[in-house]
Amino acid sequence: MGTQEIVQKLWNLCNVLRDDGITYHQYVTELTYILFLKMMKETGQEDKIPAKFRWDVLVSKNGIELKNFYKLLLLELGTKGEGKVKIIYNNAQTSIDEPKNLEKVIKEIDKIDWYSAKEEGLGDLYEGLLEKNANEKKSGAGQYFTPRPLINVMVRVIDPKIAEKCNDPACGTFGFMIASDRYLKAKYNDYMNLSEEEIKIQKYEAFTGCELVSDTHRLALMNAMLHDIDGEIKLADTLSGLGKSMSGYDVVLTNPPFGTKKGGERPSRDDLTFLTSNKQLNFLQHIYRSLNKDGKSRAAVVVPDNVLFQDGDGQRIREDLLNKCNLHTILRLPTGIFYAQGVKTNVMFFTRGTTEKDNTKEVAFYDMRTNMENLGKTNPLTEKHFEEFESTVNSSKEEKQKIERWSVFTIQEIKAKNFNLDLGLIRDDSVISHEDLPDPVESAEMAIGKLEEAIDLISEVARELKILSANKAVE
């Protein structure tokens with residue numbers, strides 16, 4: 001049984017729980033509690049769990065005894081567990097009310113061919129489950145879920161290196177960091193040729209993150225563990241005082257949450273230069289401030305269109321970014337790749353400078369939005385859509401300007417537009433441009449001319465009719 005078959009089997013178990021009124025998102029969280037115990041057994045790590053709460057004990061229970069035991073297990077592991085176990089089960093509660101449903105889920109999980117699953121990678125299996133959840137509109141998880149093809153392209157363009165410290169300050173289920181680890185393992189033969197110290201760094205220090213929502217944080221920990229990553233994943237608000245310690249990174253890859261803080265309040269950080277209620281602008285400030293000032297540290301950040309053109313603090317933050325960093329590329333993403341209707345997004349690629357001023361000389365824009373096919377669930381975004389962008393992103397300005405979708409603007413041109421970065425969209429063939437419309441004065445003159453011609457013609461016809469009428473009268 002392959003990974004996709006197992007993912008589908010696990011997903012179908014959600015149908016068992018419908019009578020308990022469990023949502024898709026609750027189901028994935030519930031499944032994580034149960035799968036964690038099974039994964040600990042399959043990966044030989046059951047010593048981290050008290051003997052009385054291990055998988056074989058759980059699977060031996062039935063009916064109401066199972067339900068009561070499961071509730072006790074969640075409570076005990078969440079309060080008395082150690083390390084990651086305690087964090088994963090912190091405040092864990094079950095929404096499964098019917099004992100037979102709980103028993104069915106556990107027994108079906110126990111039947112799965114876990115040998116095959118381990119061969120293909122337990123991490124890939126769990127990621128497949130998370131992706132399934134995101135693709136299910138009813139779960140709500142896909143609204144801002146970053147499509148895997150976009151994650152992979154961002155990682156390849158940023159090109160993380162061994163021993164670099166990578167971070168995602170809004171990490172969700174840790175997808176960017178896992179993709180970075182996968183990218184490096186493929187590049188360096190699964191870390192086979194690294195020194196013990198380098199392997200230790202990759203496992204414990206290279207990939208870190210922060211997540212605000214406790215259930216999502218739980219999924220991130222599970223995802224990281226199954227990919228053999230043990231870097232710190234904070235349960236915190238990056239825009240609070242706790243975020244001040246998140247700095248010194250070589251790479252940041254992220255898709256921060258969209259919108260404004262509840263009630264429009266400002267972030268509780270006192271180290272951000274420009275305080276605004278716009279989350280994306282605050283995250284953007286945090287990101288470029290968190291990079292090392294070495295001329296090499298870099299970031300790729302998904303932002304909505306308003307970050308590119310918002311006035312006031314938005315303009316000042318963009319100016320600050322262009323000064324402190326080399327904002328070399330903006331990728332205008334196609335619509336339809338996020339579930340939130342009408343959300344238009346971009347990826348900003350920038351490198352932190354060694355100085356605080358004049359680091360951006362020009363910004364290249366690649367338009368993947370205009371005259372694009374409609375993308376969505378039936379026609380999903382794939383890595384093939386990015387081929388031209390990825391193959392030319394490091395080309396010279398002259399080479400880029402030979403390609404229709406590339407536009408390059410100098411810093412002088414951007415300054416003249418008051419640091420408005422809503423640029424680089426090519427002509428849309430489906431929309432009539434104002435340039436296509438005739439000059440209004442010329443149009444009026446032409447209309448008057450045609451009207452005069454029509455009046456003359458009518459007069460001529462009237463005269464002819466009058467003559468004909470007179471002739472008939474004579475006859």
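The structure holds zero disulfides, a disulfide being a pair of cysteine sulfur atoms within 2.5 Å. This is a predicted model: local features need pLDDT of at least 70, side-chain atom pairs count only at pLDDT 80 or more, and totals for chains, interfaces and linings use all residues. Residues are numbered from 1 along each chain as its sequence is written, and side-chain values use heavy atoms, with hydrogens and water left out.

**Cysteines**

- A disulfide is a covalent bond between the sulfur atoms of two cysteines.
- The closest cysteine sulfur to that of Cys171 belongs to Cys210, 6.8 Å away, which is too far for a bond.
- Cys171 counts as buried because its relative accessibility is 5%; buried means under 20% relative accessible area, exposed over 50%, and partly exposed in between (1.4 Å probe, protein chains only).
- Cys166 is buried too, with a relative accessible area of 1%.

**Sheet**

- Nine strands make up an open sheet of mixed pairing, in the order S3-S2-S1-S4-S5-S7-S6-S8-S9.
- Two strands pair if DSSP finds at least two bridges between them.
- Helices (H or I, at least four residues) and strands (E, at least two) are DSSP runs, numbered from the N terminus.
- Strand S3 (233-235) and strand S9 (406-410) are the edge strands, each pairing on one side only.
- On average, neighbouring strands of this sheet are turned by 20° against each other, direction ignored.
- Axes are lines fitted to C-alpha atoms, for helices over the stretch in contact, and angles run from 0 to 180 degrees between N-to-C directions.
- Strands of a sheet pair through backbone hydrogen bonds, either parallel or antiparallel.
- Strand S8 (residues 362-367) and S9 run antiparallel and are joined by five bridges.
- Ala364 has Val408 in S9 as its bridge partner.
- Helix H12 (residues 214-226) lies across strand S2 (207-211) and S3, at about 165° to S3; contact means heavy atoms within 4.5 Å.

**Salt bridges**

- The structure holds 36 salt bridges, each a side-chain nitrogen of Lys or Arg within 4 Å of a carboxyl oxygen of Asp or Glu.
- Side chains of opposite charge can pair when their charged atoms come close.
- Lys111 counts as exposed because its relative accessibility is 60%, whereas Glu108 counts as buried at 12%.
- Arg316 and Asp313 meet in a salt bridge of 3.1 Å, N to O.
- Arg316 and Asp313 both lie in helix H15 (residues 313-324), three residues apart, about one turn of the helix.
- Arg316 counts as partly exposed, at 41% relative accessibility.
- Arg332 and Asp422 are joined by a salt bridge of 2.8 Å, N to O.
- That pair links distant parts of the chain, 90 residues apart: Arg332 is in strand S6 (residues 325-332), and Asp422 is in the loop between helix H18 (411-416) and helix H19 (440-474).
- Arg332 is buried, with a relative accessible area of 0%, while Asp422 counts as partly exposed at 33% relative accessibility.

**Phe309**

- Phe309 lies in helix H14 (residues 306-309).
- Phe309 is partly exposed, with a relative accessible area of 35%.
- Beyond its neighbours within four places in sequence, Phe309 is in contact with Arg318, Asn420 and Asp422.
- The C-alpha atoms of Phe309 and Asn420 are separated by 5.0 Å, although these residues are 111 residues apart along the chain.

- Thr276 lies in the loop between strand S4 (251-254) and helix H13 (279-290).
- Asn278 is found in the loop between S4 and H13.
- Thr276 counts as buried at 6% relative accessibility, and Asn278 counts as buried at 7%.
- The side chain of Thr276 reaches the backbone nitrogen of Asn278 at 3.1 Å.
- A polar atom of the Asn278 side chain lies 3.0 Å from the backbone nitrogen of Gln280.
- The side chains of Asn278 and Asn306 are joined by a polar contact of 3.4 Å.

Definitions and conventions. Polar contact = N/O pair within 3.5 Å; in protein donor to acceptor, adjacent residues only side chain to side chain.
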